Amino acid sequence: MERDAGPFDPPRAITRLREARPVSPMVFPDGHEGWLVTGYDAVRKVMADTRFSSRQDIGVLHVPWEIPGMPVFTEPPPQPPGMFIAMDPPDHTRLRRRLTGAFTVRRMKQLEAHVAEIVEHRLDAMARLTPPVDLVTEFAVPVPLLVICELLGVPYADRQEFQARSARFLVKDLPLEEKTAVHGALHSYLAELVTRTRTAPGENILSDLACQEDLTIDELTGIAFLLLLAGHETTANMLGLGTFALLEDPEQAEELRARPELVPDAVEELLRSLSVVDILLRYATEDIELGGETISRGSSVVVSVLAANRDPGRFEDPDALDIRRRARGHLSFGHGVHQCLGQQLARIEMRAGFEGLLHRFPTLALAVPADAVRLKTDMNIYGVHELPVTWDQ
């Protein structure tokens, strides 16, 4: 949805809806009625209730106005193998369980030193440049991309081509023909990588999965696609947009420099406040009572994570960014069976990224006026296209 109240704020229309009716009827492009859920409690219930299906092959896919550039299908699209984010139990459970061992809190904690090393290398490279530089190109994108490519065994030389294609795939209004072509190119690349990995496995998550012979090549390719896309795009956008937010609030940025022990809470607050993945789509598989409304079987249900994370019924003074806030309970990583599998890795990357950046560049500042920063209102994941920054050398 377009954010019309400022670069870090929810749309005014959706805020008014949340205040008036947290579970609201809405009209879709084809004229049928569905539901928009904006209240924290109701959004959390939708995420937790598996009667709200994540599948896109159980009925016609209806897309509401202002939902990022997705096509309106006249018949159910095929269910992509391996893309467990678009599946329900038990299919979702079968595939997700294969990855839980790879993303345990303990295993992610073991990666902290390596992630910090990657962050330092990128900061070293950035410090050698003459400002102004684009923080997105030099730091926000490379850090999570390098981490996830190493975890999955994607060759270092291929990372830029993959990143360019994945970014193109997330453009809202990309014509269906081009989106299909970009997806096909990514799928072909990953299918070849999976096939090579199954023949000659290494020390990475994809190799661990490829050794499980009951997973098909198509399933492995879908899993790799999901992990690569989700594993760097969301964190990259949080690093870019989060830095923008901190530079626009220099007092809080300075406090973070002086008190690095606040960084974990600051990361949670930035996740809550910015909510770069705003919109989720579900389908009611039976009649369900929600927030005093009856959601009839077959209804399309859109939830706004951003509106829920800014609900004053859950968070005091929710529109204020407060790095001291205990923002636990935010929904930026989802809730229920689809809660983000890589959330601990994302936290590690953001903690190392923000702390390292603020410490290394104490005079970091925007190199352009704030209203000149290009926002990703044209993308499925919110953020900044570029963030020109400067510092005293």
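User: What should I know about the numbering and the model?
Analyst: Residues are numbered from 1 along each chain as its sequence is written. The model is predicted, so local features need pLDDT of at least 70 and side-chain atom pairs pLDDT 80 or more, while totals for chains, interfaces and linings use all residues; side-chain values use heavy atoms, without hydrogens and water.

User: Why is Ala 327 called buried?
Analyst: Buried means under 20% relative accessible area, exposed means over 50%, and partly exposed lies in between (1.4 Å probe, protein chains only). Ala 327 has a relative accessible area of 0%, so it is buried.

User: Where is Ala 327 found, and what does Ala 327 touch?
Analyst: Ala 327 sits in the loop between α14 (305-309) and α15 (343-360). Helices (H or I, at least four residues) and strands (E, at least two) are DSSP runs, numbered from the N terminus. Ala 327 touches Glu 268, Glu 269, Arg 272 and Phe 315, not counting residues up to four places away in sequence. Contact means heavy atoms within 4.5 Å.

User: Why does Lys 179 count as buried?
Analyst: Its relative accessibility is 13%, so Lys 179 counts as buried. Lys 179 lies in helix α9 (residues 176-199). Leaving aside neighbours within four places in sequence, Lys 179 is in contact with Phe 169, Val 171, Leu 174 and Asn 380.

User: Why are α13 and α15 called roughly perpendicular?
Analyst: Helix α13 (residues 263-274) and α15 pack at an angle of about 110 degrees, with their axes 9 Å apart. Axes are lines fitted to C-alpha atoms, for helices over the stretch in contact, and angles run from 0 to 180 degrees between N-to-C directions. Angles under 35 degrees count as roughly parallel, over 145 as roughly antiparallel, 65 to 115 as roughly perpendicular and the rest as oblique. Therefore α13 and α15 are roughly perpendicular to each other.

User: Which residues of α13 and α15 meet?
Analyst: From α13 come Val 263, Pro 264, Val 267, Glu 268, Leu 270 and Leu 271. They meet Arg 347, Met 350, Arg 351, Phe 354 and Glu 355 in α15.

User: What makes β2 and β8 a pair?
Analyst: Two strands pair if DSSP finds at least two bridges between them. Strand β2 (residues 33-37) and strand β8 (residues 300-304) are joined by 3 bridges and run parallel. So they pair. Leu 36 has Val 302 in β8 as its bridge partner. Both strands belong to an open sheet of 5 strands, in the order β1-β2-β8-β5-β3, with mixed pairing.

User: What makes β1 and β3 edge strands?
Analyst: β1 (23-27) and β3 (52-53) each pair on one side only.

User: How do you know that β4 pairs with β10?
Analyst: 2 bridges join β4 to strand β10 (residues 388-390), and the two run antiparallel. The cut-off is at least two bridges, so they pair. Asp 134 has Pro 388 in β10 as its bridge partner.

User: What makes a set of residues a nonpolar core?
Analyst: Its members are buried Ala, Val, Leu, Ile, Met, Phe, Trp, Tyr and Cys residues joined through side-chain atoms within 4.5 Å. The largest such core here has 95 residues. Those with the most contacts inside it are Leu 99, Phe 103, Met 126, Met 350, Leu 387 and Val 389. Helix α11 (residues 217-247) gives the largest share of this core, 16 residues. Apart from it lies another core, of 19 residues, including Val 23 and Phe 315.
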